[in-house]
Amino acid sequence: MTTQSTGPGSTFDPSTATPSRTYASLRGAPNDALAADREAVAELRNAIEKVDEVVRENAEALVRAVRYLASVGYDQFADLGGGRPLQGLDARKLPDLAAVAAQERPGMRWLLIDSDITAITAGRAILRGIAETEQVDLRDPTKVLKALDVHLDLNRPVIVILGAVLHFLTDWEATQLMTALWGDLPTGSMVLVTHVTSTGVEPEMVARGKASYEARHSIRIYPRTEEEITGLAGRFVIREPGVVATVDFMPSLDELAPKEAPHFLMWMAERLPD
Ligand SMILES: C[S@@+](CC[C@H](N)C(=O)[O-])C[C@H]1O[C@@H](n2cnc3c(N)ncnc32)[C@H](O)[C@@H]1O
C-alpha cells in the first residue's frame, strides 16, 4: 500500500528545506542536502546553540531505547516520522534503528512511516529485507492505523516510535494521533517519544529557533513545555525513567557526566488494559 502524503516533503520541491534532510545534515550526514537544506541548517546553527549536539543526542537515545526494547523481547516496531535511514554515515556512525532491532531480534517486524518522499524512497532501498515503508501523513490517523494493520500483527504488543516529530503537529493533531493509537494498540504496547522543549531554554533562543525553522521549512514547529510534553501521553502510562532529557534516557556508564541544556525531552509510555 502506498499512500500519497500531504505532509512535509511529500512531493519533491528543491526550493524548500525538509525536516528529514536538514535533520540528517545536523546528524552529520549531509549527502541528500540540497541548497535550500544547507541554507536552513546554516541558519539553525546560528539560531540555536549546539543544535547539532541536540540532534545527535536524540539519535543516540533512540538507539539505546530500541536496543533495550528489542533485547527484552519486543519484536514489532512502527517508526512514525522515522526519517531517512543513514546507514552509519552520520557523525556518530550510529546504526539505523531498524538495524539495531534486527540485530537484537532477527525476524522482527519494522514499519517506517514518513511523509517525506526522500526518506521513503531511501528507506525502501536501504532497509529492504528488514523493514516495510509507507508514505503517510501523521495528521491522518486513519491512514496511520491502516498501515499498522497491514504490516504488523495487532494482536501482539507493538513499539511505536515518535522521534522528534510530534513537535510538527498541533495540540489537536497530536492528541488525535495519540488517541487513535491508544484505541488501536494492544495491551503491552509502548510509545516512545522525543520532543523539542522550551523548558530550561532561554525564551529568546526558543523564539529564534522556531522562527528560523518555520521560515526555511514552510511548516510550523511547536516547542512544548515539559508539562505539555508529558500531557501528550494521554491515557498511556509513562514508565521509567519518566520524562527526562534524551541524555538521561538509559544512559550508558560513559555518558553519565551531566551535559548542558538544551536537549529534547523523552518519555516511554505503556498501553495498559482499559
Ligand atoms: C526531525 S526528523 C526525525 C527523524 C527520526 N524520527 C529521528 O528521530 O531520528 C522528523 C521526521 O518527521 C517527518 N514528519 C514531519 N511531519 C510529518 C507528518 N505530518 N507526517 C509524517 N511524517 C512527518 C519528517 O519528514 C522527518 O523525516
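Select strand 1 and show its side chains: Gln76, Ala78 and Leu80 point one way, Phe77 and Asp79 point the other way, and all are buried. Buried here means under 20% relative accessible area, exposed means over 50%, and partly exposed lies in between, with a 1.4 Å probe and protein chains only. Strand 1 is thus listed as mostly covered, with five of its five residues buried. Helices (H or I, at least four residues) and strands (E, at least two) are DSSP runs numbered from the N terminus.

This is a predicted model, in which local features need pLDDT of at least 70, side-chain atom pairs count only at pLDDT 80 or more, and totals for chains, interfaces and linings use all residues. Residues are numbered from 1 along each chain as its sequence is written, and side-chain values use heavy atoms, with hydrogens and water left out.

Two strands pair if DSSP finds at least two bridges between them. Centre on Ala78 to find Leu111 of strand 2 opposite. Now trace the chain from strand 1 through helix 4 to strand 2: this β-α-β crossover is right-handed. The term applies if, with the strands pointing away from the viewer, the path from the first strand over the helix to the second runs clockwise.

Which residue of strand 4 stands opposite Asp79? Select Ile161. Strand 4 is also parallel to strand 1, and three bridges join the two.

Move to helix 7 (residues 171-184). Colour its buried residues: Glu173, Ala174, Leu177, Met178, Ala180, Leu181 and Trp182. An α-helix has 3.6 residues a turn, so residues three or four places apart point the same way. To see what covers the buried residues of helix 7, show strand 1 (76-80), helix 6 (141-151), strand 4 (159-163), strand 5 (190-195) and strand 8 (265-270), which are among the covering elements.

Now turn to the backbone. Most residues other than glycine have a negative phi, and most peptide bonds are trans. Select Gln87, in the loop between strand 1 and helix 4 (97-104); its phi is positive, about 55°, although it is not a glycine. Gln87 is partly exposed, at a relative accessible area of 47%. Ala164, in the loop between strand 4 and helix 7, also has a positive phi, about 50°. Is Ala164 buried or exposed? Ala164 is buried, with a relative accessible area of 11%.

For a cis peptide bond, select Glu240 and Pro241, where omega is about 5°. Pro241 is in the loop between strand 6 (237-238) and strand 7 (244-245).

Finally, zoom out. The chain has nine helices and eight strands, and its C-alpha trace spans about 45 × 40 × 35 Å along the principal axes. Buried residues make up 55% of the 274 residues. Of the contacts (heavy atoms within 4.5 Å) between residues at least 6 apart in sequence, 75% join residues at least 24 apart.
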